[in-house]
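Please look over the sequence and the structure shown here before reading on. The report is meant to be read with both in view.

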Amino acid sequence: MSDSTDRPSTSAAPASRPGRLPTFLIIGVQKSGTTSIYNYLKRHPQIFMSPVKETNFFEREWTQELPEVLARRKTPINTLADYTQLFVGATDEIALGEASPNYMFHHQRSVELIHAQIPDAKLIAVLRNPVERAYSDYLMNVRDAVGKQHRSLAEQVKTRGESSYVLLKGKYTDSIQHFIDVFGADQVQVFLYDDLRKDAIAFMQQMYEFIGVDTTFTPDTSRKAQTAQVPKNQALNRLLKTENPVRSAASGLLRVLLPAAARARLRSQVISLNSGSKKQGLSAEDRALLQDYY
């Protein structure tokens, strides 16, 4: 079967069924191809994916959080009603899915929350060599000007260790075991990022089999998501990506001169010009320290 991003229309489409919840979740991990996998899953005619990737709904009990915590949420999906609303567009699809690759990292809370609502869900973990995963995560934080990422990974291993989220997200054993202990081994499937890179179609068809949909469907895997790039000038990158007096003044001036769409295009163009076409390689020192750490 060939891939198509547009679902074939019918004259009498089945009505939406409110209140449905996912039959499967991608629970981890970040920087392991989950955005590409999410897009490949969306193209399967028997799968309905949440239109929001990374809802993080089962990360914690959001209804008990403080208002200032909720205000920082990128996706305000805080109640079960909010969450089920994501799936009202599903019709006759066999499988409903959601991808929040931080569920593994927050497994101490997410396991119980998921089990309380969807105890029969199939759970997918895509794992990557933790050294490479940490470096990719580090580059993303540099690109997005998150925290004090001018500190090398080697410095983080030496000085931060068990307080560095970049490092801790690559410790898979306890989180995978927690999911297996609660859901059972039959409901938890581990896939490897290296297999995705080697043969994306075979990889996806194995995932289709686990989910319980047609395994003969061939997705278009030619488009890859999130190519890693690093800023050529980190100072300029921080001006563009973080709140600061210079950015606020420039935004105020441009708001008078240009409409919103033009301002957004200009900012994107400047960020693109400041992005390197190739990522810097992992140093031998960092690689050795990370290998010892993991």
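The model is a predicted one. Its protein chain comprises 14 helices and five strands, and of its 294 residues 43% count as buried. Among the contacts in the chain with a separation of 6 or more, 77% are made by residues 24 or more positions apart.

The five strands form an open sheet with parallel pairing, in the order 2-3-1-4-5. Strand 2 and strand 5 (188–192) stand at the edges with a single partner strand each, so that one side of each is left without a neighbour in the sheet. From one strand to the next, the twist averages 25°.

| Strand pair | Sense and bridges | Example of bridge partners |
|---|---|---|
| Strand 1 and strand 3 | parallel, three bridges | Ile 26 and Ala 99 |
| Strand 4 and strand 5 | parallel, five bridges | Ile 124 and Gln 189 |

Strand 1 is mostly covered, since five of its five residues are buried.

Helix 1 (residues 34–42) is also mostly covered, with seven of its nine residues buried, namely Thr 34, Thr 35, Ser 36, Ile 37, Tyr 38, Tyr 40 and Leu 41. The cover over these buried residues includes strand 1 (24–28), strand 2 (47–49), strand 3 (95–99) and strand 4 (122–127), together with helix 9 (193–198) and helix 10.

On the helix 1 side the contact is made by Ile 37, Tyr 40 and Leu 41, which meet Phe 203, Met 204, Met 207, Tyr 208 and Ile 211 in helix 10. Sorted by class, this contact has eight nonpolar residues, with no polar and no charged ones. As a general background, nonpolar side chains in soluble globular proteins tend to be buried together.

Turning to the cores, the largest nonpolar core has 28 residues, and those with the most contacts inside it are Leu 25, Met 104, Ile 114, Leu 123 and Phe 179. Strand 1, helix 4, strand 4 and helix 8 (173–183) are the elements that give two or more residues to this core. Met 104, leaving aside its neighbours within four places in sequence, is in contact with Ile 27, Gly 28, Val 29, Ala 125, Leu 127, Tyr 172, Ser 175, Ile 176 and Phe 179. A second, separate core of 24 residues includes Leu 41, Ala 95, Tyr 193 and Ile 211; of these, Leu 41 and Ile 211 also take part in the contact of helix 1 with helix 10.

Finally, is Ser 110 buried or exposed? Ser 110 lies in helix 4 (residues 107–117), and it counts as buried because its relative accessibility is 0%. Residues up to four places away in sequence not being counted, Ser 110 touches Phe 58, Glu 59, Tyr 103 and Phe 179. Glu 59 is 51 residues from Ser 110 along the chain, yet the C-alpha atoms of the two are separated by 4.9 Å. Phe 179, another residue that Ser 110 touches, is in turn one of those with the most contacts inside the largest nonpolar core.

Methods
Residues numbered from 1 in each chain as written. Predicted model: local features only at pLDDT ≥ 70, side-chain atom pairs only at ≥ 80, totals over all residues. Heavy atoms only, no water. Contact = heavy atoms within 4.5 Å. Helix = DSSP H or I, 4+ residues; strand = E, 2+ residues; numbered from the N terminus. Nonpolar A, V, L, I, M, F, W, Y, C, P; charged D, E, K, R; others polar. Buried < 20%, exposed > 50% of the residue type's maximum accessible area, 1.4 Å probe, protein only. Core = buried A, V, L, I, M, F, W, Y, C linked by side-chain atoms within 4.5 Å. Pairing = 2+ DSSP bridges. Axes fitted to C-alpha atoms, helices over the stretch in contact; angles between N-to-C directions.
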